[in-house]
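Thanks for taking a look at this one with me.

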Amino acid sequence: MAKNLLIVESPAKAKTIEKILGSDFEVKSCYGHIRDLEKDDMGIDIKKNYAPRYIVPEDKQKVVAELKKLAKKSDEVWLATDEDREGEAISWHLCEVLGLDPASTKRIVFHEITKPAIRAAVDNPRTVDLNLVNAQQARRILDRIVGFELSPVLWRKMSMRGSLSAGRVQSVAVRLIAEREREINAFNTTSSFKIEAFFAANDINNKKVTFKAEGSKQNTAEDAEKFLKSCAGAGYKVRDIQVKPARKSPAAPFTTSTLQQEASRKMGYGVFKTMLLAQKLYESGYITYMRTDSVNLSDTAVHDIRAQVGKQYGDKYAQVRKFKNKNESAQEAHEAIRPTYMENMTVDDTDAKKLYELIWKRTMACQMADAELEKTTAKIDISTNKAELTAQGEVLKFDGFLKVYMEDHDDDEPEEEGGEGVLPPLRVGQQLEFKEMKATERFSRPAPRYTEASLVKKLEELGIGRPSTYAPTISTILKRLYVEKRDKEGVKRDFRVLVLRDDKISKQTDQENTGAEKSKLFPTDLGLVVTDFLNQYFADVMDYGFTASIEQEFDEIAEGKVKWTKMVDGFYKPFKKDIENTLETAERIRGERELGIEAGTGKRITARMGRYGPMVQIGEVNEEEKPRFAKLKSTQSIETISLDEAMELFKLPRNLGKFEGEDVLVNIGRFGPYASHDKKFYSLNKEMDPYSVMLEEVAPMIAEKRVAKDERTIKVFEKEKIQLLKGPYGPYIKQGLRNYKLSKEQQDRVADLSIEEVKQIMEEIKANPPKKKGARKK
């Protein structure tokens, strides 16, 4: 038995560290958090100064029992959970559960899992930092209070009970996405005309090449035509040439946020995937800790990077740099994300290979020389109207860090000027050979919708959340269906082009694809309605500045400047008053928009939220004739649907004709589009649109699904509408929408089960439902 027991969060991390420490240490995993707040009554005693009531979840009891047994046998227990506040809290919970004294138990931290770092940590242990624990505890308790108090308000004020929730950071994130969507919907596109003239000149090899120069933007087609007419018969002379040196500097090494952004831009990774792969790389000893907001690099790391740059590219490519954080809350003691050993240019892990190479390149580039450029700007006079054109060129004189890495940019960041390539040699006074001039219609664009990564960037800019919270926040708003991530198809748009050639102006209309977006975040109607409600009644919780100030208070608790109970109390008392006032005075949320009146009946047509999502309603509940309802398509919204689009929805159900002597109807139900035939229902295939699908497509699908269903069916009790079916995990009982699991013995004789036995099995399962798995893991 090893003398020392060292506890970490994950098995992968345990395995890597055990190899380093050898036989003196047994390294075990606690598999993330081992305790959480009770579910009953929030798990917080408000009257006792917000005292938390923690329990060990059922799925962690076996782990805890094993750790207790090992701790008793060991001479000493060491805690080596992650170095952030979550990790500190896990160490404290381990002390509480294992009966260890936090004031004397050895706690070690490290930024990387390498032999020198682990050895140094073991040689310099500390104890559990209760300030960090309290900061995490304050966040957990505050988030639990907001969730438990706000969610029931939504249940009371909306009919979608149980599926609604609200959270401190998640609600603010949805607000950002909702506001951006509304900006886009309200945006009025304007057009202008870009002026480009094309000239011919000889390059350095005396070969004739074409280059372009730009003129002032023209606001209308009339202005553009007038300008082109004024250039007919003109001479074009170079008036001035400016040649200036320019430099580009590398970006800082990765933080959690910038890694998520760049992995999204370059590789299309979502933030959850990025963090999953980064954690894998960290636990395998390949990179430093992946949850950090610091751009700092240790002196040793800088020395190693500098040596690797010199070895691979030569000393002229090396330039030592020190990066500083702009935000004061960043912890300079932490390091940026970097490889642990710079000589490892790649890793064998297929999944994480691309992400590792991205981190390696960014780290190398940050300690490399600037790229040196030469920018040439030529001013060209037009003889007929005294207007001016500008030609720009750029030559890369020394590639510097660009030899390794170039940072990408988001859609909403302005493009850098220049980058037009090389201009041919020009001289002041030179008369240029004119080829043609174009005036091309260009359109203004709204700010783009957020990607996961650009949302993280915005949250970070506003000071909302911390490195450990970004990925869970986005996962939550997607899971709660307040936001959806999807592509948007572009639409064809005409644009006008005027061309001056041989002193004559020609006009043409071309087409472009516009508005196409990939993997963007769209608010759902549910997200928009809930955001409006929370904005109206809980302005503080939804305020960006207030949410950021809460984060700063957590930082102050971590520094020991503020007591966590005082901070929570300062939030809770006014928040509780808002809850009580809203429950008493707020009207039910309808999320309703009037679209018009139905021709012929005079009935009111509205788009609104219903129990199962957004829908269109014709008529009122209190009228003699029952109202009619139609579900919105997934691409439609209450806020933007037109009256004509709404009326199209009432074309369902559609009768496609007869198949095997029975009508085939298509419609949309609670669970999506379906076809009904001979009193049976079949979900439409994904590619089938119920508004346009034809009988020729649906009939073969019904036949195919019927065969598949027959093959799955073991026995049917028609009167009770109970089926015994084959499933991927063996036979089971199905009644309506509910499935009932069978024991191994019951599965073996499933064909012989009587209706009485089946009913008994169902009753027993209802009386003793299986306990759901799933406790929070870090």
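Buried here means under 20% relative accessible area, exposed over 50%, and partly exposed in between, with a 1.4 Å probe and protein chains only. Please keep in mind that this is a predicted model, where local features need pLDDT of at least 70, side-chain atom pairs count only at pLDDT 80 or more, and totals for chains, interfaces and linings use all residues. Residues are numbered from 1 along each chain as its sequence is written, and side-chain values use heavy atoms, without hydrogens and water.

1. Thr440 sits in strand β14 (residues 433-443); helices (H or I, at least four residues) and strands (E, at least two) are DSSP runs numbered from the N terminus. With a relative accessible area of 7%, Thr440 is buried. Beyond its neighbours within four places in sequence, Thr440 has contacts that include Ser192, Phe193 and Arg496, a contact being heavy atoms within 4.5 Å.

2. Strands β1 (residues 4-8) and β2 run parallel and are joined by five bridges; strands pair if DSSP finds at least two bridges between them. Asn4 stands opposite Phe25 in β2. Four of the five residues of β2 (residues 25-29) are buried, so the strand is largely enclosed by the rest of the structure.

3. Do look at helix α2 too. The buried residues of α2 are Val63, Val64, Leu67, Leu70 and Ala71. They lie on the same side of α2, because they cover an arc of only 130° around the axis, taken from the directions from the helix axis to the C-beta atoms. The face turned away from that buried side carries the exposed Lys62, Lys69, Lys72 and Lys73.
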